[in-house]
Amino acid sequence: MVTIHNNMIEMHTKDTSYLLYTGRGGLVETLYYGARIRAPYPRPLVSKVEAGFGNDILRGGRQPALSSLLLELSPQNRGDYRRTSLLARLPHGGTTTDFTWRTATIQDTPAPTGGMPQGRQPDKVLALSFSEASNLEVELFFSLFYEENVITKKMRVTNRGLAHVRLERCLSHQLDLPHSDFDLFTLTGAWARETQVTRQALAPGTLRFGNGTGASGARCNPFFFLAEKNATETHGEVYGFNLVYSGSHEGSVEVDGLGRTRVMQGLWSEGFGWPLAPGESFVTPEAVLTFSDQGKTGMSHNMHHFVKNQILPPRWKDAPRPILVNNWEGTYYNFNEAKLLNIARNAAKLGVELFVLDDGWFGRRNNDCAGLGDYDVNPGKLPGGLARLAERINKLGMAFGLWFEPEMVNGDSTLFENHPDWIVQTPFIPAAIGRQQYVLDLCRPEVRDYIIHSVGKVLDSANIQYVKWDMNRHVADNFSPALADQGQFMHSFTLGLYNLLENICATRPDILFEGCSSGGNRYDLGVLYYMPQVWISDDSDAYERQRIQTGASYGYPQCTMGCHVSAVPNHQTLRHTPLDTRFNTAIFGLLGYELDMAKLTATQRKDIAAQITLYKEHRQLLQYGDFYRAASPFETDHCRWVVVDAERKKALAGDFMGLVVPNSIRPPMRLAGLAPEKLYQVQVRRQWLDIKSFGGLANFVLPVHLNPDGAILGTLNRMVRLPTENERYTAYGDLLCRAGLSLVQDFAGAGYHRDMRFVSDFISRIYLITEVEDSGKA
C-alpha cells in the first residue's frame, strides 16, 4: 500500500495510485495521481524537462526550473511563480525558503491532530520531512484509507531555529496535475439556498474560492471537485476534495502558462498569521482527496464511504436515525407544556419516534432579541422543567430532544449583563450585531468553560437523547484579548469550537447531535466528526430541497442530511407543494416533520401514518444505501434519485417534476445503480388525489354540476379521494438503467382515460424496486 524504492514513493488504495519522485535535487515531485497502475520504475513517469524555458529561473546547477515541475512542496521565491501552499516570514524579515527533502517514513500511528478532527482509522501514514536554511522544518503527512479510495494530506511546520517565525499562509495540501482539461464544480449559495452546483471551465489564471465568515459556510462549502470535460455521472475522470474543518477556509485552482493545474486547499489565508517561537509547531487541518474514473457517481461514493466509515462518530455511523417532529414552524416561540404535549401525542399516534423542542425554552427567550447565553428553563412555559417534559414525552413512546445555540449571546441576557467583555469585539469599535445577537469569544478559556458547564448541566438534568446545536450568525469584529497575534483569531476560534465539541459531544456518545447554522452554514466534515447529521438548510420547500440535496450529495451521504416535511404554504418560499412530494423529497435523508401535528386533517393524519410506515420499512436502505443521481435539477426542471442496497437486490427511486409542460411526452424513466444481469420488479407507490384539486374539471365526470368552491364538493372531497396510477413492471437491470421505462401518459388537458397519470406542478412518485426470481420468461 505504501512502498519506497528507486527514488519513488508509491501509495495505493483499492482503485487509485498516488506516486511521488524524490530523485531530483531534494524536491518531491508528483508523478501521478489517478486510477490504480503498476509502476515499479519511475523513469516512464518522470518529467524529462532538464532546462528552463526562455526566462525561467533556475534553482541551481542543471536542475530544471521549478515552474516546469509538478511539486508537493514549493520553495518560495525560487522560481515557482505559481501560488504556493506555505508562506513564512523568517527572522531576517524575508520570505524566501528553499526546502530540501530529507526523509520518508511509513508509520502506523495517525498524523498529528493539532487539536482538530481527522479521519479515524487510516491504514497507513506516510510522513515526508523537509528542512530549510533558516531551520524551518516542514512535514507532509499522507494518510491512506484503502477501501474508501481516499488519501488525506496535511502539513506540520516546526520552528527549529533560535528566533521567531511567522506563518502568513499555511495550506493543507498542494496537488499539481499535468493538464488542465477540467471543469471546476463548487457548492455555492446563501442562506436557504445552500449547496448550489456552480460549474466553471478552467483557463489560465487562478480561481480562488472559499468562505471567510468564521464557519465552513453556505456561501461556498469546503467540498469541490474537478471533472474532465466529457465526464458524466458514470464515466470519466473526477477528482474530489474536501477539508475536515469547520471554520473559514479556501480552495484554489490555478492553471499556469504551460497548461498544468495546481489545486490547493486549507485555512482562509486573508488576515491569517501564526507566530512560531523556537520549538513550536503548527498543524493544518486535514484535506481529503479522492479520484474515480467512474464519473461523478464514483467520486461521490468514495466520499460517502469515507464520511460514513472514517468521519461519523462510531456510535452512529450505521445506526438507524429516528423519525422526529420539531415544534419550531408549528409554534415558533409561542408554546407551553400543554401545547407541546398535544403536538407530541398526535405525533406519537402516527409513529413519530422523537420529539424535539426547538428555540424558546430558556431565560427571557420569547423572541429572538433576548435570552441567548442563559440556560435556566423558563418556568412560565415549562413549570415542571425539562425533566418533567422529557418524562411525559417518554411515556408517549418517544425520545426527547432539545435545541441549543451555545456560541451566541443576546444583549438582553443575564450572561451579557454579567460579562459584556466575553463577546467578540474589536477595541474602540462598537460590536456588530447579527440576528439580534453577539458571538461569544471561543478563544477565551473562561468562555469555553462556561459553555461546557452550562450545556452539560442541562443535558445531564433530563433524559435528553438528541440535541440540535445551532449557530445563527457569522463572525465579525475579529479580535480576542486572549491572543497576542490577531492573525491567529479565526483558526483559534475554530479550535475553541472543537474544544467545546470534545467536552460536550464526545463525552456523551449516546446523545444524537445534529449540527445547524441557520441551516447549512456549517455543513462540513469537522462538524460531522462529532455530530453525525446536519440540518442542511432552513429552506424546507420540497422543490428547493431537491436542488439543495442534489448538490450536497456530490460530497456528503444522505445519512448526514436532516430533511423535514413542513406545512404549506412553505414558510421560506410561500410555495404550495403536495404533501406526498414533501415526503418523497425528505425520505432521501433523515426524515422529520416540522409542523403542528395537532392541526392535521383526518386525511393528512392517514397519509402521514402511511408515510412513516413506509419509511420505517425502508429506513436502512434510504439512510445508508448507495445514492445515485439519475437526473439532476441543475440540468433540467426534473430530478430523479435512486438508492440501492449493497447487494443490489433492493432499491427505491424518487422521480420529481418541476413545472408542468403541456402537451408533452416524457422520455423513458432511466434508473441507476442496478445490477444489469438481475431481474427486478418495479412498483409505483400509489398516492391519493383530492377531488377538489381538479377544480371545475370535476364537473366533466360528476352527474350534476357543482360549485368547485362550494360546500357539497368540499364535503365530497373529505369523503372520497382518487388513487393515482397503478404501474408495475418486470425488467432486467440493464433495461431499467440504459433504455428506461416507458410510463403511462400524463394528463394533458384532453383525451382523458382512467389509466392516465394526473400531473400538476411539483408532483412526484416513489418507485419500489426489488429483485425477483428469473424464470427465463421475463
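Predicted model: local features only at pLDDT ≥ 70, side-chain atom pairs only at ≥ 80, totals over all residues.
Helix H3, which runs through residues 337–350, contains 14 residues and reaches 20 Å from its first C-alpha to its last, a span close to the 20 Å expected at 1.5 Å a residue. At the start of this helix, a side-chain oxygen of Asn 336 comes to within 3.2 Å of the backbone nitrogen of Ala 338, while just after H3 the residue Gly 351 adopts a positive phi of about 105°. The buried residues of H3 are Glu 337, Leu 340, Leu 341, Ile 343, Ala 344, Asn 346, Ala 347 and Leu 350, and the elements that cover them include the strands E21 (324–326) and E22 (354–357) together with the helices H2 (328–331), H4 (385–395) and H11 (602–617).

With a disulfide taken as a pair of cysteine sulfur atoms within 2.5 Å, the count in the model comes to 0. Cys 559 is in no disulfide, and the nearest cysteine sulfur, which belongs to Cys 563, is 11 Å away. Cys 559 counts as buried because its relative accessibility is 0%. Cys 737 is likewise in no disulfide, the nearest cysteine sulfur being that of Cys 639, at 16 Å.

Thr 30 lies in strand E4, which comprises residues 27–35, and is classed as buried because its relative accessible area is 5%, below the 20% cut-off. When residues up to four places away in sequence are not counted, Thr 30 touches Tyr 18, Leu 19, Leu 20, Leu 70, Leu 71, Glu 72, Leu 175 and Asp 176. With one of these residues, Glu 72, the side chain of Thr 30 forms a polar contact of 2.5 Å through the side chain of Glu 72.

Notes: Residues numbered from 1 in each chain as written. Heavy atoms only, no water. Helix = DSSP H or I, 4+ residues; strand = E, 2+ residues; numbered from the N terminus. Expected span 1.5 Å × (residues − 1). Buried < 20%, exposed > 50% of the residue type's maximum accessible area, 1.4 Å probe, protein only. Contact = heavy atoms within 4.5 Å. Polar contact = N/O pair within 3.5 Å; in protein donor to acceptor, adjacent residues only side chain to side chain.
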